[in-house]
Number of protein chains: 2
Amino acid sequence: MSGGFTENELIETLLAGYRSAAPLLGPGDDAGILAVPDGRLVTSIDTITEDQDFRRVWPSGYRTTGYDVGWKSVAQNLSDINAMGARPTGLVTSLSLPEDIDLDWVASFAQGVTEALEQLGAHDCAIVGGDVGRGSEISVTTTTFGSLDGGDPVLRSGARPGDVLAVCGTLGLAAAGVDVLEHALPESEVSELRLGELPRDWSESVRSAVVGQLRPKPPIGSGPEARALGVHAMLDLSDGLVRDAERMAKASEVSVQLDPDLVGSQGAGLEQPARLIGGELHRWVYAGGEDFALLGAFDASADLPMRWVQVGSVTAGDPSLNIGEETAGDWLTRQSGQASGGWDPFC
Amino acid sequence: MSGGFTENELIETLLAGYRSAAPLLGPGDDAGILAVPDGRLVTSIDTITEDQDFRRVWPSGYRTTGYDVGWKSVAQNLSDINAMGARPTGLVTSLSLPEDIDLDWVASFAQGVTEALEQLGAHDCAIVGGDVGRGSEISVTTTTFGSLDGGDPVLRSGARPGDVLAVCGTLGLAAAGVDVLEHALPESEVSELRLGELPRDWSESVRSAVVGQLRPKPPIGSGPEARALGVHAMLDLSDGLVRDAERMAKASEVSVQLDPDLVGSQGAGLEQPARLIGGELHRWVYAGGEDFALLGAFDASADLPMRWVQVGSVTAGDPSLNIGEETAGDWLTRQSGQASGGWDPFC
């Protein structure tokens, strides 16, 4: 036996730590069964992998916990369901673990999954099944399920000229957090950091950014609410406002303008992290992903729902993205000397 | 840019190679949508990972293709749906790729997925969505969906004393194949083997075993058929007859007896691979997994469905597994000098 535990012990540890709504048939047979009352299943799959989506030990010294990985996998995946205007109803998770991961890590992972479901308000989301196996790196794939409760899905292709573009959730917080985590601290500070014992010179807002990266809080529930209020188009900002707004522009065949002053309105909590590490506020706000905020296109004649703030507008014209009067690329280059258009794992 | 392509090029290559039934909403938005007419979704998730479930280059010289990986991921996952007595209706796939994988490999992967769906008879199975990302090893996670078409799921816990235990599919073929692939050949033979150009001294049955390992053919469709005919309990043999029959015994709280002469009835096609590499026929047949055959418990008074063969029987008593008159462990030890109870990736 390698790794210090059997497959059965691993599965028992996971099942002991999971709490969720009950599916029609849960883990234990060849497959699980989920109720899909309205006859349509909304579904999405996402993988997070060590050294791609997180580091085990960050240059800051923080050690990613099983809790962080479980939370982030769930949060990121629920966000895709939210962005369709759907309510999360279930998930299955496949866990690949290297041999130096122990059962404490696994118990912490299960707790992170459970608390993400509870704290993000996904009370109807059932853990339907899973898979475990070996790999040379930690990798977690979650498939999520959602219900439209009889409504129509909200696609990214529905934005119309004249629409108001708005965001629900934070912008730039997770990007600031990853830059802080990647920032090497004085050697005395770097060993075995915990979220509860971050360095004394990290203020509350620096801590918030780190927590925003490790344990993002997509606004679950705001997606179905926006759908009910007639939002025309929606997607989640997993790759950053610039890149995802451009996706909406292309899918909807419209031109999208982003306000050039969002750093002022959205960047308030980011100033201290920026001072700490010399980070670029405009890049965090415009190009940072992983906050899993919602981007929606609303009819200009309607009031925006609670918690949404306007970030731009939609006009007719060839699919394009502009920030103020400039192309996004020119604007980003002028701000920083380089055009940073968001996250592509293959570039 | 690393790896020679962008995320968009990777996704376009996959979508160009996929053919499947059409979902309500396919890949391209935050999530896809699948029709679930009877209001219950059967779902399962499985990951296959380089060096755990396959080698890129085997000691025999065979190089695993994208086609092989795509085929196996789909076949293994459809099998879980089949084993519930359900009909596969959809899947989502997440692909983690190292930097030395090129777009030809990706195109081959998509072709393997497509041809597995077609050749396994999963004509109603829609590709609903997916995810792509980087990893240090090739890893593919597929989540499959199925429909019970109004029927009851077949659990592993329904076996009753007096039942006949039967198998639909091959036993030991994939295990023989992996041992052949792990068998070092003379150096002149080992470079760039293809399925179409296996060594001249490999007979048709050796070739069949290799193909059985790389591109298994679970009997999709026989699961729902057995359900319709009233099978009491069913699971798929992914970890070998001994281990999986024991799971049925435990879940059903019955004693299970396997016939001790299955090598005679099931091992005919395995004799040439065994001669080539000195393989152990009884281990392949009784403990080999990955054929994804179905194991079912049928009422003794009913005729077995077509393609099913009896492999044992069910009696009352403490949950246990025996082969003939002996415990499975004793029997396996007597055959080979070691008890080999099937596959546990953590042991």
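Which residue of β2(B) does Gly32(A) stand opposite? In this predicted model, the residue facing Gly32(A) is Thr43(B).

## Symmetry of the two chains

Two copies of a chain are related by a rotation about an axis and a shift along it. Here the rotation is 180° and the shift along the axis is 0.0 Å. Chain A then superposes on chain B with an RMSD of 0.0 Å. That is the relation of a two-fold axis.

Within chain A, Gly39(A) has the C-alpha nearest the axis, at 2.6 Å. Both copies use the same surface: 100% of the contact residues of chain A recur in chain B.

## Strand β2 of chain B

Strand β2 of chain B covers residues 40–49. Of its 10 residues, 10 are buried. In a regular strand the side chains alternate between the two faces of the sheet. Arg40(B), Val42(B), Ser44(B), Asp46(B) and Ile48(B) point one way. Leu41(B), Thr43(B), Ile45(B), Thr47(B) and Thr49(B) point the other way. Both sets are buried.

Strand β1 of chain A, residues 32–35, runs antiparallel to β2(B) and is joined to it by four bridges. Strand β5 of chain B, residues 139–147, is also antiparallel to β2(B), over eight bridges. In that pairing, Asp46(B) has Thr142(B) as its bridge partner.

## Annotated binding-site positions

An unreviewed UniProt entry places the feature "binding site" at Asp30(A), Ser44(A) and Asp80(A). These positions span 51 residues in sequence, and the farthest two C-alpha atoms are 26.2 Å apart, so they do not all gather at one spot.

Where does Asp30(A) lie? Asp30(A) sits in the loop between α1 (7–17) and β1 of chain A. Its relative accessibility is 7%, so Asp30(A) counts as buried. Beyond its neighbours within four places in sequence, Asp30(A) contacts residues of chain B, including Ser44(B), Asp80(B), Arg156(B) and Asp236(B). Ser44(B) and Asp80(B) carry the numbers of two positions that the UniProt entry lists in chain A.

Ser44(A) belongs to strand β2 of chain A. At 6% relative accessibility, Ser44(A) is buried. Beyond neighbours within four places in sequence, its contacts include Asn77(A), Ile81(A) and Thr142(A), as well as Asp30(B) and Ala31(B) from chain B. Asp80(A) is in contact with Ser44(A) too. The side chains of Ser44(A) and Asp80(A) make a polar contact at 3.0 Å.

Technical notes
Residues numbered from 1 in each chain as written. Chains lettered and ligands numbered in written order. Predicted model: local features only at pLDDT ≥ 70, side-chain atom pairs only at ≥ 80, totals over all residues. Heavy atoms only, no water. Least-squares fit on C-alpha atoms with pLDDT ≥ 70 in both. Contact = heavy atoms within 4.5 Å. Buried < 20%, exposed > 50% of the residue type's maximum accessible area, 1.4 Å probe, protein only. Helix = DSSP H or I, 4+ residues; strand = E, 2+ residues; numbered from the N terminus. Pairing = 2+ DSSP bridges. UniProt positions renumbered as here; feature names shortened; annotations may be inferred. Polar contact = N/O pair within 3.5 Å; in protein donor to acceptor, adjacent residues only side chain to side chain.
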